[in-house]
Amino acid sequence: MEKKHVFDDPRNVKRLLKIFFSSVVILLILDGFYIVLSKTHVIHSHMNYQWEGFWGFYAFYGFVACVILVLVSKYILRPLVKREEDYYDK
Amino acid sequence: MTNSILPALIFMIGGFLIPFFKGRAKSVYMMLIPVVGFINLINIPLGDHFLVNFSDFKLVLLHIDRLSLLFGYIYHIIALITVIYILNFKNDVEYVAGFFYAGAALGAVLAGDLFSFFIFWEMLTIGSVMLIWARKTKSSQAAGLRYLLVHAFGGLVLLAGIVLHYTETGSLEMLKLTLSGPGSYLIFLGIGINCAWPVLHPWLTDAYPEATIGGTVFLSAFTTKTAVYALARLFPGTELLIWIGVAMAAFPIFYAVIENDLRRVLAYSLINQVGFMVVGIGIGTELAINGACAHAFNDILFKGLLFMSMGAVMYRTGKINATDLGGLYKSMPWTALFCCVGAASISAFPLFSGFVSKSMVMEAAASGSHLLGQKSYVVVWLVLLFASAGVFHHAGIKIPFFAFFGHDAGHRVKEAPLNMLIAMGIAAFLCIFIGTYPKPLYDLLPFAVDYHPYTISHVLSQTELLFFSALAFALLLLSGIYPAEMRALNVDADWIYRKSGKALYNAFDTVLNPLNAWCDRVVRGTASRTAYFFKDAGAKISLFVAVNIWLLAGHRDKWLEIKKKKLYNDIMQGTLPAGIGAAVTITFILLVYVLI
């Protein structure tokens, strides 16, 4: 009988996902706090662009960027460039 | 400056002596080379050394300033780490080639004039090709040859540029150039080939994954970074570089998402990271150049670390395709951990090295966009942010996930050998050390640093960006949209010379060979027909003339046939009366004369 490893137990995977999803939510909440505090000048915020001050800008950008990245790669790039593994040897 | 040695020579000569050592002494000796080299380097004062007069040229073999020193330091560090990593391979070719290659890179970044720079630049090609060929597989032989051809061409372009530049200006100094005139453009392009600019890049993604396990670690450190150094030295603030860099940062991440060979995924992400450096050099402000150099320094470490971890996986399992791997955290936990450190560093997680350097380039782009007439820098910044999210996606998550987690491929192997773990451990330590305490690195940069990476807004925004990229990955994977890894090959710009070369061959084959055969038939046919004709030409012409005369004279039928036969035989046998023979000859000559 092989040794059981951490992620062999589906409960651990679920636990990890739960931690991850809650940290995502916590980050958004923190971002809200940060915007309020910087608007009231409690902390100094260094911003180059106005949109950096929108709530969840980086979260939104990161998420959308990756979804676009995957969709473009899968549905546009792959059909264009995919060949058999021995394509160049033929 | 009398008791120091040319740093490149320590590596090269030291490398050639490796085969004379045996067993443990060999390992110790190999590790000593970079250490001795480093001690030698830090004792050389700033300025020009090893001045050589070569016919009319004044060559400066060693030029030490802050920029060259930074690259000199990191080259020694990564050489030591890589040597420790490859100790268990017992392959002298790899050792000698590795040191020769590292020495050439050192020579190039420390060279004080364009000519000696070029010499070391060419040696770089030789060393790297040996590292690819040392794998000794059929595909590595082919990839190595393609690599050699591309770099030989790149070297010629660079040489042509240097020669033209010298005839224009009469100077070989390694000083800032502006893009004007063919000389500077050719130098620019020659460096660009080694820097893996888009369309010129496929030598990298083609050959690096074909090299030996240790060879790829060597390769990932030197060629492109030497090109980055050369751009920072010769072309800082060249605006064209910004757009080249943006393209470099953006396009490889799409390829990386669908690539199956994990070392090739890393090769694509190498181009992506070099893109950030090239953008920094193109912006050209002190902050941007600092950022580019700091990122080159960090990239050598974390990219080396990632290649080392994939190499260890390959060493133990014999597989490198994502389709064949998974679940390795069970049998190779330390390698998995070090890989995650490298992944976090390349993704620029707070507390890891990428965070303190990539952000300098981003900041330089953002502050540049507020200058008058530089509104387009906003696009640069947005694309770089996209690339930052993308690099986390493919290098930060995909590499560790498909190799060490994900679907368990059932490999039950031993943990990587101790020397490999030590090498990865040192690299991982440096990644975290620089990430948490960037001051020593900042002190080494070419310009004084007034930049603080750890502000609340920066930490928060970067963490947000990365976590939501991870969220996208998790959701796409759970929903089954994430593209499954496939055993397939993705064509890239190398198609131009790999497939179209073949197509050209086929085209020639189908067009020229039939043409050749046709010509052959025509020539042979004409020749044989001519030979046939001239065999009895005299007789035929005589017959032609004689028959007409006989017809006029009223000879017919049988009598005519007999006369024809007699004449033909007489001519062919030479029994014709001399007078008639002369007449026929003259007729023949006249006929030829009229026809011609």
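**Figure 1. Contact between helices H3(B) and H4(B) in a predicted model.** Ser68(B), Phe71(B), Gly72(B), Tyr75(B), His76(B), Val83(B) and Ile86(B) of H3(B) meet Glu94(B), Tyr95(B), Phe99(B), Ala105(B), Leu106(B), Val109(B) and Leu110(B) of H4(B), where contact means heavy atoms within 4.5 Å. By class, these residues comprise 10 nonpolar, three polar and one charged (Ala, Val, Leu, Ile, Met, Phe, Trp, Tyr, Cys and Pro count as nonpolar, Asp, Glu, Lys and Arg as charged, and the others, Gly among them, as polar). H3 spans residues 66-86 of chain B and H4 residues 92-110 of chain B, and the two pack at an angle of about 170° with their axes 9 Å apart (axes are lines fitted to C-alpha atoms over the stretch in contact, and angles run from 0 to 180 degrees between N-to-C directions). H3(B) is therefore roughly antiparallel to H4(B), a term applied to angles over 145 degrees.

**Figure 2. The largest cavity and its lining.** A cavity is a set of points on a 1 Å grid over the protein atoms alone where a 1.4 Å probe fits but cannot get out, and lining residues have an atom within 4 Å of a point. Arg78(A) and Lys82(A) line the largest cavity together with Ile258(B), Glu259(B), Asn260(B), Met486(B), Ala488(B) and Asn490(B); this lining has three nonpolar, two polar and three charged residues.

**Figure 3. Secondary structure of chain A.** Chain A has two helices and one strand, which run α-α-β from the N terminus on (helices, H or I, of at least four residues and strands, E, of at least two are DSSP runs). The C-alpha atoms of chain A fill a box of roughly 65 × 45 × 15 Å, taken along the principal axes.

Residues are numbered from 1 along each chain as its sequence is written, and chains are lettered from A in the order in which they are written. In this predicted model local features need pLDDT of at least 70, side-chain atom pairs count only at pLDDT 80 or more, and totals for chains, interfaces and linings use all residues, while side-chain values use heavy atoms, with hydrogens and water left out.

Methods
Parallel < 35°, antiparallel > 145°, perpendicular 65-115°, else oblique. 1 Å grid on protein atoms, 1.4 Å probe; cavity = no way out; pocket = protein on both sides within 12 Å on 5 of 7 lines; lining within 4 Å.
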